[in-house]
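Please open your viewer and keep the selection panel handy. We will go from stop to stop, and at each one you will hear what to select and what is there.

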Amino acid sequence: MTQRISKNKRFWMMNPVWQFFKYLWLSLKGMLIVAGGHGSTRSKDYQKSH
Amino acid sequence: MATILILGAGISGHVAASHLRRKLSKEHQVVVVSPNSNYQWIPSNIWVGIGRMKSKEILFPLAPLYKKKGIDFKQAKAISFFPEGDKNETKPYVLAEYVAGENKGQQEKVIYDYLINATGPKLNFEATAGLIPGQNKTYSVCTYTHANHAWEGLNALIQEMKNGKKAKILIGTGHAKATCQGAAFEYILNVEQELRRHKVRDRAEITWISNEYQLGDFGMDGMLLSYGSNIMKSSEMVEMVFEDRDIKWILGAGVNKIEDGKTHYETLEGEQKTETYDFAMLIPSFSGHGFKAFDKNNNEITDKLFKGFMLVDADYTPKPYEEWTAQDWPETYQNPSYKNIFAPGIAFAPPHSISKPRKSKSGTEIFPSPPRTGMPSGITAKLVADTIIDTIKKGKNLQEHKGSMANMGAACIASAGYGTFSGSGISITTFPIVPDYKKYPDTHGRKLGKTFGEIGLAGHWLKLTLHYVFMYKAKMKPFWWLLPE
Ligand SMILES: Cc1cc2nc3c(=O)[nH]c(=O)nc-3n(C[C@H](O)[C@H](O)[C@H](O)COP(=O)(O)OP(=O)(O)OC[C@H]3O[C@@H](n4cnc5c(N)ncnc54)[C@H](O)[C@@H]3O)c2cc1C
């Protein structure tokens, strides 16, 4: 076994208080990405926008 | 009055049926044909497979719900398609065969004005010799029955390990072109955590076997993602997690045969190798259901409707990887020959894979097929339902509802262990699902701020929340439609 996640990092990954705020943030961010919508890729405007 | 026939009551079929029923007046008929009497929330099968959830928590019977909501349910399987009707029947229909109840074995022509094929994949275990769930020490978690068997097998092994047995566990893909690596990834991490909980982790050697060229490909050509203040490749993230949890890996493996406790596979170098195990969970290849289609004169027209899965508005012209574009991916999920037929979710034929295709030195294709996870399955089902609703209400095919997987985001929460305070999840969001290398040339085809990863307890809570939210929504409880797909 190779320890790839430091003790400090692991502490924050499993800290319920810190993770509660992460949970709220992740829920919100996930919702925004998904609710951010979807659409066509074939319109000229879409293809021009890069 | 219009009849909308939906084949399949999985994520996409059920989403389409519920939105159609809610938005269309009762003069229009919504009919669902599906062989399984239950709805199942497939993502939670991972937890059934480690004994932390009972299968009854992830399913409910469809017939009472559909009766209450005014959806006509036939517990039957579609067999063949007649999109022009036949000599005796002027309307299009699907020939279906009842699989349960007093009509079992009987066939019926189920007539429609609009057809949604949401039959998902056939779990094609037969494509790998000896890969039979519950036999040869191999299991699956693709359905709740399979997941129950997997837990029985794993639990038996854990008991033996408590008595001192050393065991080899193999989890991954069971075919050179299998997809759904994400589910196997979740399962391997959950199994690893359960072994620790049962205090037998030190007696197990756990190995990931996959047709991916690199870890973290997930059939999506990998990802470049933000991780905290770093930018990381998904391969690096998965490698970090696997090394940290002492999970070994075999990549570029095309599993082709299973014997009792032994898997045979071909590598990209063209070598034939074997790996032994005491417990394996290998995802089979997914294929179309082998449906046939006929015109009104009974001539076979299967190739107008199917290319394995159902043909939709994708660009199926064969071209090399370098020439693939985001625009190849479908947007309306409408069949080009029959405009009243749609295929959302896994049922549509993708234009090509998302991962780079690779062949072994002896010519075997070894790479993941494109995944279509729950979120895009739900989104594409809703947009197809909305197209049909608008067409019925406004009288013409408006095609205003479009959603390409190359212009759609997805949140994938991979469970990495179960437990209120000991659980963990790897939350990955991607935008877009199918990389657009022209639009995002420097960030591996995706928008970096919207493509990110997080590891920790919050991921477990999120995955559990999604379980309850989507079960609530699927049961069509009050205001269910306010919840996104
Ligand atoms: C173990 C596992 C874990 C997963 N975890 C996640 C996750 O965490 N997040 C995520 O987004 N996705 C996840 N997925 C993927 C997700 O489950 C699929 O994307 C989704 O189920 C696809 O929906 P679908 O409706 O297209 O197909 P399905 O859900 O497979 O539904 C197909 C339906 O068609 C029916 N059917 C089959 N044959 C016929 C026939 N001949 N006639 C009529 N009906 C028929 C079936 O009974 C079923 O009701 C997971 C998949 C697995 C296997």
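## Stop 1: a serine and its partner

Start by selecting B:Ser369 and B:Lys177: a polar atom of the serine side chain lies 2.6 Å from the backbone oxygen of B:Lys177. A polar contact here is a pair of N or O atoms within 3.5 Å; within protein, one must be able to donate a hydrogen and the other to accept it, and residues adjacent in sequence count only if both atoms are side-chain atoms. This is a predicted model, in which local features need pLDDT of at least 70 and side-chain atom pairs count only at pLDDT 80 or more, while totals for chains, interfaces and linings use all residues. Residues are numbered from 1 along each chain as its sequence is written, chains are lettered from A and ligands numbered from 1 in the order in which they are written, and side-chain values use heavy atoms, with hydrogens and water left out.

Now show the surroundings of B:Ser369. This residue sits in the loop between β25 (341-342) and α8 of chain B; helices (H or I, at least four residues) and strands (E, at least two) are DSSP runs, numbered from the N terminus. Leaving aside neighbours within four places in sequence, B:Ser369 is in contact with B:Lys177, B:Ala178, B:Thr179 and B:Gly219, where contact means heavy atoms within 4.5 Å.

## Stop 2

Next, select B:Asp72, in strand β5 (residues 72-74) of chain B. Is B:Asp72 buried, partly exposed or exposed? At 28% relative accessibility, B:Asp72 counts as partly exposed; buried means under 20% relative accessible area, exposed over 50%, and partly exposed in between (1.4 Å probe, protein chains only).

Beyond four places in sequence, B:Asp72 is in contact with B:Gln29, B:Val30, B:Val31 and B:Val32. For a distance check, draw a line from B:Asp72 to B:Arg372: the two are 300 residues apart in sequence and 27 Å apart in space, C-alpha to C-alpha.

## Stop 3: aromatic rings

Select B:Phe185, B:Trp208, B:Phe218, B:Phe242 and B:Trp249, which form one aromatic cluster. The structure holds 25 aromatic pairs over all chains. Zoom in on B:Phe242 and B:Trp249: their ring centres are 6.3 Å apart and their planes are at 40°, so the pair is tilted. Rings of Phe, Tyr and Trp (its six-membered ring) pair if their centres lie within 6.5 Å; planes under 30 degrees apart count as stacked, over 60 as edge-to-face and the rest as tilted. B:Phe242 is buried, with a relative accessible area of 0%, whereas B:Trp249 is partly exposed at 30%.

## Stop 4: backbone angles

Most residues other than glycine have a negative phi, and most peptide bonds are trans. Select B:Lys137, where phi is near 65°, a positive value in a residue other than glycine. B:Lys137 lies in the loop between β10 (122-124) and β11 (138-139) of chain B and is partly exposed, with 33% relative accessibility.

Then move to B:Lys199, not a glycine either, with a positive phi of about 60°. You will find B:Lys199 in the loop between α5 (181-197) and β13 (204-209) of chain B, and its 71% relative accessibility counts as exposed.

For the peptide bond, select B:Phe431 and B:Pro432, which are joined in cis with omega about -10°. B:Pro432 belongs to the loop between β27 and β28 of chain B.

## Stop 5: where the chains meet

Colour by chain and look at the contact, which takes 48 residues from chain B and 31 residues from chain A. How much area is buried between chain B and chain A? The figure is about 3,400 Å², with carbon and sulfur atoms giving 60% of it; buried area is the accessible area (1.4 Å probe) that two parts lose on being put together, summed over both. In chain B, select B:Asp244, B:Gln327 and B:Lys439, which lose the most area to chain A, together 19% of what that side buries.

Finish on A:Arg42, in the loop between α2 (16-35) and α3 (44-48) of chain A. Its side chain meets that of B:Glu331 in a salt bridge (3.9 Å, N to O), that is, a side-chain nitrogen of Lys or Arg within 4 Å of a carboxyl oxygen of Asp or Glu. The rule finds six salt bridges across the interface of chain B and chain A.
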